[in-house]
Amino acid sequence: MNNKPRRLRCLKSVLLITLGILVFASCTAPSPLYGSWADNKGNSFTFVDDGTFSARIYSAGILKNYDGDYTLLMNVITLDCKSEELRIVTEWDIRGNILYLDWTSAEGQSMSLSLYKISN
């Protein structure tokens, strides 16, 4: 009896399964930040999966637009604003569907934001 074709089929199956596991294991989980967030005070953030963000922050009676790049390291977010030479490094947390983070303006004014997810 020749078991060569049977062994070859078995080897192909094992290789195919291993390849499938490697493909799925190499995919990273999407960040829970992706999407749009807003509150009822006029503040809003949009985080895109390419590492960019846009924000509208209402501070001291003025609504300002910001955009730039962000990076995540666990629960720390670094926001590099292009429109202003501003870099904000802060902790973020999501509880339920609410994003909590602290925003520090270019003038040094800090405000705690509680933003609700409004779209993915």
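Good morning, colleagues. Please bear in mind throughout that the model is predicted. A search covering the whole structure returns three salt bridges. I shall take each pair in turn.

Let me begin with Glu84 and Lys64. Their side chains form a salt bridge, with an N to O distance of 2.4 Å. Where in the chain do Glu84 and Lys64 lie? Glu84 sits in the loop between strand S5 (76-81) and strand S6 (86-95), whereas Lys64 belongs to strand S4 (residues 62-73). The two residues are 20 residues apart, and the pair thus links distant parts of the chain. Is Glu84 buried or exposed? Glu84 counts as buried because its relative accessibility is 19%, and the cut-off for that class is under 20%.

The next pair is Asp80 with Arg87. Here the closest N and O atoms are 2.7 Å apart, and the two residues form a salt bridge. Asp80 is partly exposed, with 27% relative accessible area. Arg87, by contrast, has a relative accessible area of 57%, and it is classed as exposed because the cut-off for that class is over 50%.

Arg95 has a relative accessibility of 49% and so counts as partly exposed. Asp93, at 31% relative accessibility, likewise counts as partly exposed.

Thank you for your attention.

Key. Residues are numbered from 1 along each chain as its sequence is written. This is a predicted model: local features need pLDDT of at least 70, side-chain atom pairs count only at pLDDT 80 or more; totals for chains, interfaces and linings use all residues. Side-chain values use heavy atoms; hydrogens and water are left out. A salt bridge is a side-chain nitrogen of Lys or Arg within 4 Å of a carboxyl oxygen of Asp or Glu. Helices (H or I, at least four residues) and strands (E, at least two) are DSSP runs, numbered from the N terminus. Buried means under 20% relative accessible area, exposed over 50%, partly exposed in between (1.4 Å probe, protein chains only).
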